[in-house]
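Dear colleague,

I am handing over the structure below, together with some notes on its salt bridges. Please read the notes with the structure open beside them.

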Amino acid sequence: MKTILIALVRGYQKWISPLFPPSCRFQPTCSNYMIQAIERFGVKGVLMGIARILRCHPGTKAGPDPLPDHFSLKRNEESKLDDRK
């Protein structure tokens, strides 16, 4: 199942993403974040990726948002601390 989900994201990266200008506000990009989340958390990683995509809008502070060590639908707390500096 992980392989299929990752293949779908890679297909998006190769065929759909190049049609649009770069717009992700976070590092790593939302699609790379989803791949990392699926590799680490399986199907639950898809939920993390969707939550990340929903956070990616002009009202959100841009910057690093690495994958957390545990399952969470919120922005990584470490990156919030880095933003305050």
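Aspartate 65 and arginine 55 are both buried, where buried means under 20% relative accessible area, exposed means over 50%, and partly exposed lies in between, with a 1.4 Å probe and protein chains only. Their side chains meet in a salt bridge at 3.0 Å, N to O, the term standing for a side-chain nitrogen of Lys or Arg within 4 Å of a carboxyl oxygen of Asp or Glu. This pair links distant parts of the chain, since aspartate 65 sits in the loop between β2 and α4 and arginine 55 in helix α3, ten residues apart; helices (H or I, at least four residues) and strands (E, at least two) are DSSP runs numbered from the N terminus.

The model is a predicted one, in which local features need pLDDT of at least 70 and side-chain atom pairs count only at pLDDT 80 or more, while totals for chains, interfaces and linings use all residues. Residues are numbered from 1 along each chain as its sequence is written, and side-chain values use heavy atoms, with hydrogens and water left out.

Aspartate 65 also forms a salt bridge with arginine 52, with the closest N and O atoms 3.4 Å apart, and arginine 52 is likewise buried.

Arginine 40 is partly exposed, at 45% relative accessible area, whereas aspartate 69, at 67%, is exposed.
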